[in-house]
Each structure stands twice: as structure tokens, then as C-alpha cells.
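Reader: Hi! I'm new to reading protein structures, and I'd like to take a close look at just one part of this one. Could you walk me through it?

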Amino acid sequence: MTSGDRETEATVRVDPRLCRGTGLCQAMSPALFRLTGAGHAEAVEARLTGPEALETARSVADCCPMGAVELTVGPSTGGPDRPER
């Protein structure tokens with residue numbers, strides 16, 4: 001694995017304690033986010049690969065009015081992830 005590979009993998013999650021269900025993330029990227037029946041957002045797939053998916057997730061995280069979208073760049077280690085902010 002090269003350092004370039006590291007920048008094409010990430011984990012994305014939505015903190016349900018912060019999410020207010022505005023739907024902005026789903027509107028920006030329905031391929032990456034959806035609203036649950038309870039009205040909160042969740043990631044469609046937690047693991048992202050590819051620079052386009054990471055850039056889109058990063059844009060959504062930057063725009064989330066509640067700061068509920070967390071993006072952790074790099075391959076999964078199986079341990080607790082530290083979100084990118």
C-alpha cells in the first residue's frame with residue numbers, strides 16, 4: 001500500500017446525537033447519505049473508496065450545519081477511528 005492509497009479510503013459516519021435531520025447531506029449526495037425513518041441521517045456505506053467519494057463526503061461534512069458528519073481518512077484499523085475535522 002502506498003501513501004496515495006491511504007488518501008483514497010475513509011470511514012464516514014453521522015453522529016446521531018448531533019444530527020437534526022435537515023436532509024442537507026442526502027440532498028448533496030444521496031449516494032452517500034440517507035434519512036432514516038426516525039428522520040436522522042446515516043451513511044449508506046460506512047467505508048468509502050476513491051477520491052471522488054472522499055471529496056464529496058468531505059464537502060458534505062464541511063456543510064453539515066450541526067457538524068454531525070465525521071470523516072476518518074485512511075484504511076480501517078479495526079479500532080476506534082478519529083474523525084477528520
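Predicted model: local features only at pLDDT ≥ 70, side-chain atom pairs only at ≥ 80, totals over all residues.

How do the residues of the lining of the largest cavity divide into nonpolar, polar and charged? And once that's clear, what else is there to see in the rest of the structure?

Author: The lining of the largest cavity divides into twelve nonpolar residues, three polar ones and one charged one. That makes 16 lining residues, and those nearest the centre of the cavity are Cys19, Thr22, Cys25, Cys64 and Pro65. The volume of this cavity is about 110 Å³. If you search the whole structure for cavities of 30 Å³ or more, you find one.

Three strands make it up, in the order 4-1-5, and it is an open sheet with antiparallel pairing. Strand 4 (47-49) and strand 5 are its edge strands, each pairing on one side only. On average, neighbouring strands here are turned by 30° against each other, if you ignore direction. As a bit of background, strands of a sheet pair through backbone hydrogen bonds, and they can do that in a parallel or an antiparallel way.

Let's go through the two pairings. Strand 1 (residues 9-14) and strand 5 are held in antiparallel fashion over five bridges.

Four of its five residues are buried, so strand 5 is largely enclosed by the rest of the structure. What lies across the sheet? Helix 3 (residues 51-63) lies across strand 1, strand 4 and strand 5, and it runs at about 145° to strand 5.

Serine 29 sits between helix 2 (24-28) and strand 2 (33-35). With a relative accessible area of 7%, serine 29 falls under the 20% cut-off, so it counts as buried. Leaving out residues up to four places away in sequence, serine 29 touches Thr56 and Val60.

Definitions and conventions: Residues numbered from 1 in each chain as written. Heavy atoms only, no water. Helix = DSSP H or I, 4+ residues; strand = E, 2+ residues; numbered from the N terminus. Buried < 20%, exposed > 50% of the residue type's maximum accessible area, 1.4 Å probe, protein only. Contact = heavy atoms within 4.5 Å. Pairing = 2+ DSSP bridges. Axes fitted to C-alpha atoms, helices over the stretch in contact; angles between N-to-C directions. 1 Å grid on protein atoms, 1.4 Å probe; cavity = no way out; pocket = protein on both sides within 12 Å on 5 of 7 lines; lining within 4 Å. Points joined across faces, edges and corners; volume = space filled by probe spheres on them. Nonpolar A, V, L, I, M, F, W, Y, C, P; charged D, E, K, R; others polar.
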